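Please look over the chain shown here.

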Amino acid sequence: MTRRATGKSAETRRSAASKKTRSRTVVSSRVSSCGSSLSHRREPPADTESPPDDSWLAWFCGRPGNEVFLVVDLAFIQDPFNLVDLADSVPRFGEALGVITGKKPTPHRLADTSLSASAEKLYGLVHRRFTLSERGLYLIYQKWKNRTYGECRRVFCPHQPLLPTGSTDTPSALHDTPSALHLYCPRCMDVYRPSHARHRAVDGTFFPPSLPHLFFMVYPRYRPELPQEEHVPRIFGFEIHPSAVPYQQRIADRKDRRKAKRESPDRISTDGKNPKMGIPK
């Protein structure tokens with residue numbers, strides 16, 4: 001009886017150990033599969049129907065200079081949640097909403113400049129919110145891949161595509177003057193003015209400052225490496241010491257003060273003679 005009991009207990013221990021091993025294998029395989037899925041590129045959201053060619057959205061985004069804008073989904077615009085607090089910032093809000101969700105404007109409608117301006121402002125503020133959505137970030141990725149926003153002009157960021165960004169988190173609808181659109185380079189982590197004049201007229205507050213950084217949180221595999229080189233100023237091959245710049249500025253300021261002192265009409269020499277005429281006053 002004792003031997004049989006001992007044999008059964010050994011078998012029980014072996015079966016328990018095998019179960020533990022199988023469970024660990026299943027858990028590790030699930031963890032590895034989860035890690036591999038995270039390492040792969042994020043799947044793009046489902047495509048939505050593009051607006052018809054005779055719509056206001058297609059007309060506005062097809063104008064020269066407006067290629068920097070995304071075509072916001074009509075369902076996103078019509079969702080009341082996405083329009084919260086915008087009615088107080090946009091004059092003639094209801095009419096402007098009807099314009100951007102309607103057909104291409106007629107010449108008679110374009111003659112109403114105040115309504116056209118309100119419609120463009122409303123679309124820009126909705127566009128600002130749309131860029132931070134999953135669908136909006138994917139459309140930003142498509143434009144970034146096609147280099148719609150240009151490339152970095154820095155020598156050590158060769159052919160690095162740029163991302164749009166604004167300079168303030170406060171919509172310009174609350175201010176008298178709009179802010180400028182900036183372009184962010186993820187390699188040197190600096191911002192630049194658009195190279196095309198037609199893009200400099202775009203209000204930068206329609207692109208939130210968080211956009212580039214959230215973009216690389218969603219698509220981390222596309223973040224470039226930091227530049228390994230930087231410009232080193234040299235004269236005849238010798239590197240210029242950093243203290244040379246403030247020293248040169250001090251010399252220039254000293255020369256300017258001496259020149260201003262010599263050219264001063266009220267300056268009198270110590271011997272009572274006018275330094276310009278060389279004779280006593």
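## Cysteines

The structure holds zero disulfides. This is a predicted model. Cys188 takes part in no disulfide. The nearest cysteine sulfur to it belongs to Cys185, 3.6 Å away. In general terms, a disulfide is a covalent bond between the sulfur atoms of two cysteines.

Is Cys61 buried or exposed? Cys61 has 13% relative accessibility and counts as buried, because the cut-off for buried is under 20%.

## Overall picture and confidence

The protein has 281 residues, and buried residues make up 31% of them. Its secondary structure comes to ten helices and five strands. The accessible surface is about 19,100 Å². Carbon and sulfur atoms account for 55% of that surface. Among contacts with a separation of 6 or more, 64% link residues 24 or more positions apart.

Mean pLDDT is 80. A pLDDT of 70 or more is reached by 74% of the residues. Over residues 1-6, pLDDT stays under 50, and the model has zero contacts beyond four places in sequence for them. Over residues 23-41, pLDDT also stays under 50. For residues 23-41 the model has five contacts beyond four places in sequence.

## The three-stranded sheet

Three strands form an open sheet in the order β1-β2-β3. The pairing is antiparallel. Which strands are at the edges? They are β1 and β3 (190-192), and each pairs on one side only. Neighbouring strands are turned by 40° against each other on average, direction ignored.

Three bridges join β1 to β2. Three bridges also join β2 (residues 182-185) to β3. The hairpin of β2 and β3 has four residues between the strands. In that hairpin, Met189 takes a positive phi near 60°.

Helix α9 (residues 211-218) lies across β1 and β2. The helix runs at about 135° to β1.

## Thr165 in strand β1

Thr165 lies in β1, which spans residues 163-165. It stands opposite His182 in β2. How accessible is Thr165? Its relative accessible area is 5%, so Thr165 counts as buried under the 20% cut-off.

The contacts of Thr165 reach several parts of the chain. Leaving aside neighbours within four places in sequence, Thr165 is in contact with Leu181, His182, Leu183 and Tyr184, among others. Val191 is also on the list, and Val191 falls within the residue range of β3. Further partners include Gly204, Phe207, Pro208 and Pro209. Pro212 is another contact of Thr165, and Pro212 falls within the residue range of helix α9.

## Lys143 in helix α7

Lys143 has its place in helix α7, residues 134-145. Its relative accessible area is 19%. Lys143 therefore counts as buried, since the cut-off is under 20%.

Which residues does Lys143 touch, not counting those up to four places away in sequence? They are Glu67, Val68, Phe69, Leu70, Thr148 and Tyr149. Leu70 is 73 residues away from Lys143 along the chain. The C-alpha atoms of Lys143 and Leu70 are separated by 8.8 Å.

## Ser116 in helix α6

Ser116 is found in helix α6, which covers residues 113-130. With a relative accessible area of 18%, Ser116 is buried, because the value is under 20%.

Ser116 is in contact with Arg109 and Leu110, leaving aside neighbours within four places in sequence. Ile100 is 16 residues from Ser116 along the chain. The C-alpha atoms of Ser116 and Ile100 are separated by 9.5 Å.

Methods:
Residues are numbered from 1 along each chain as its sequence is written. This is a predicted model: local features need pLDDT of at least 70, side-chain atom pairs count only at pLDDT 80 or more; totals for chains, interfaces and linings use all residues. Side-chain values use heavy atoms; hydrogens and water are left out. Helices (H or I, at least four residues) and strands (E, at least two) are DSSP runs, numbered from the N terminus. Buried means under 20% relative accessible area, exposed over 50%, partly exposed in between (1.4 Å probe, protein chains only). Contact means heavy atoms within 4.5 Å. pLDDT is the predictor's confidence in each residue, from 0 to 100. Accessible areas come from the Shrake-Rupley method with a 1.4 Å probe; for residues, only the protein chains shown count as cover. A disulfide is a pair of cysteine sulfur atoms within 2.5 Å. Two strands pair if DSSP finds at least two bridges between them. Axes are lines fitted to C-alpha atoms, for helices over the stretch in contact, and angles run from 0 to 180 degrees between N-to-C directions.
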